[in-house]
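Visitor: I am new to this structure and would like to be guided through it. May we begin once it is displayed?

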Amino acid sequence: VRAFDDHRFSPLRVAHVIDAVLALIGAGASGIYHLSGAGDVSYADAARFLARRIGVPEDRVEAVHALEHGLDATDLTPFTSLGARRLSQLTGFVPPEPFDVVQEVYGREIDAVRGLIAVHEGGS
């Protein structure tokens with residue numbers, strides 16, 4: 001897998017967004033609120049995390065630079081997380097850790113791949 005090490009994201013689940021919107025409505029809040037994960041992670045770091053979780057050596061992930069692979073500098077996202085303190089104070093929202101979100105989103109697929117690898121290695 002080739003993944004960008006200079007392009008980052010701050011993952012959230014749709015459920016995080018829905019919960020935040022409902023909490024704001026319930027609180028009768030108005031205004032602008034930031035909703036974000038706890039931090040940023042590069043696509044390469046996320047790919048290495050997934051490789052570890054499925055039992056594939058991390059060296060199967062090649063970190064590459066987005067600028068060297070056709071992404072314009074204006075499209076790079078070195079920082080994607082936002083301060084969500086105002087939302088947290090009002091609703092109790094706790095920004096999730098990036099790898100926790102990746103695990104939640106891909107957990108079922110990770111388990112399925114681990115099962116396939118186990119079957120393949122077992123010769124069945």
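Visitor: Which residues make up the largest nonpolar core?

Guide: This is a predicted model, in which local features need pLDDT of at least 70 and side-chain atom pairs count only at pLDDT 80 or more, while totals for chains, interfaces and linings use all residues. Residues are numbered from 1 along each chain as its sequence is written, and side-chain values use heavy atoms, with hydrogens and water left out. A nonpolar core is a set of buried Ala, Val, Leu, Ile, Met, Phe, Trp, Tyr and Cys residues joined through side-chain atoms within 4.5 Å, where buried means under 20% relative accessible area, exposed over 50%, and partly exposed in between (1.4 Å probe, protein chains only). The largest such core has 6 residues: Ala20, Leu24, Tyr33, Ala84, Leu87 and Phe93.

Visitor: Which residues does leucine 87 touch, not counting residues up to four places away in sequence?

Guide: Leucine 87 is itself a member of the largest nonpolar core. Contact means heavy atoms within 4.5 Å. By that rule leucine 87 touches Ala20, Leu24, Tyr33, His34, Leu35, Gly92 and Phe93.

Visitor: How many residues are in the second, separate core?

Guide: Among the members of this second core are Ala44, Ala47, Ala51 and Val61. The core has a size of 5 residues.

Visitor: How far does helix α1 reach from its first C-alpha to its last?

Guide: Helices (H or I, at least four residues) and strands (E, at least two) are DSSP runs, numbered from the N terminus. Helix α1 covers residues 14-26, 13 residues in all. The expected span of a helix is 1.5 Å times one less than its number of residues. For α1 the expectation is 18 Å, and the helix comes close to it with a reach of 18 Å.

Visitor: Why are the buried residues of α1 on the same side of the helix?

Guide: The buried residues of α1 are His16, Ala20 and Leu24. An α-helix has 3.6 residues a turn, so residues three or four places apart point the same way.

Visitor: Which helices do the buried residues of α1 pack against?

Guide: The face of α1 turned away from its buried side carries exposed residues, including Val14, Asp19 and Leu22. The packing partners of the buried residues are α3 (85-91) and α4 (98-122).

Visitor: Is histidine 16 buried or exposed?

Guide: Histidine 16 lies in helix α1 and, leaving aside its neighbours within four places in sequence, is in contact with Leu35, Phe93, Pro96 and Val101. Its side chain also reaches the backbone nitrogen of arginine 13 at 2.8 Å; a polar contact is a pair of N or O atoms within 3.5 Å, and within protein one must be able to donate a hydrogen and the other to accept it, with residues adjacent in sequence counting only if both atoms are side-chain atoms. With a relative accessible area of 15%, histidine 16 is buried.

Visitor: Where is serine 10, and which backbone nitrogen lies 3.2 Å from a polar atom of its side chain?

Guide: Serine 10 has its place in the loop between β2 (8-9) and α1, and at 15% relative accessibility it counts as buried. Residues that serine 10 touches include Ser36, Thr80 and Ser81. The backbone nitrogen in question belongs to glycine 37.

Visitor: What is the angle between the planes of phenylalanine 49 and phenylalanine 99?

Guide: Rings of Phe, Tyr and Trp (its six-membered ring) pair if their centres lie within 6.5 Å; planes under 30 degrees apart count as stacked, over 60 as edge-to-face and the rest as tilted. Phenylalanine 49 in helix α2 (residues 43-54) and phenylalanine 99 in helix α4 are 50 residues apart. Phenylalanine 49 is buried at 11% relative accessible area, whereas phenylalanine 99 is partly exposed at 31%. Their rings form a stacked pair, 4.8 Å centre to centre, and the angle between the planes is 15°.

Visitor: Which glycine follows α2?

Guide: In α2, the residues Ala44, Ala46, Ala47, Phe49 and Ala51 are buried, and what covers them includes β1 (2-4), β3 (41-42) and α4. The residue that follows α2 has a positive phi, near 85°, and is glycine 55.
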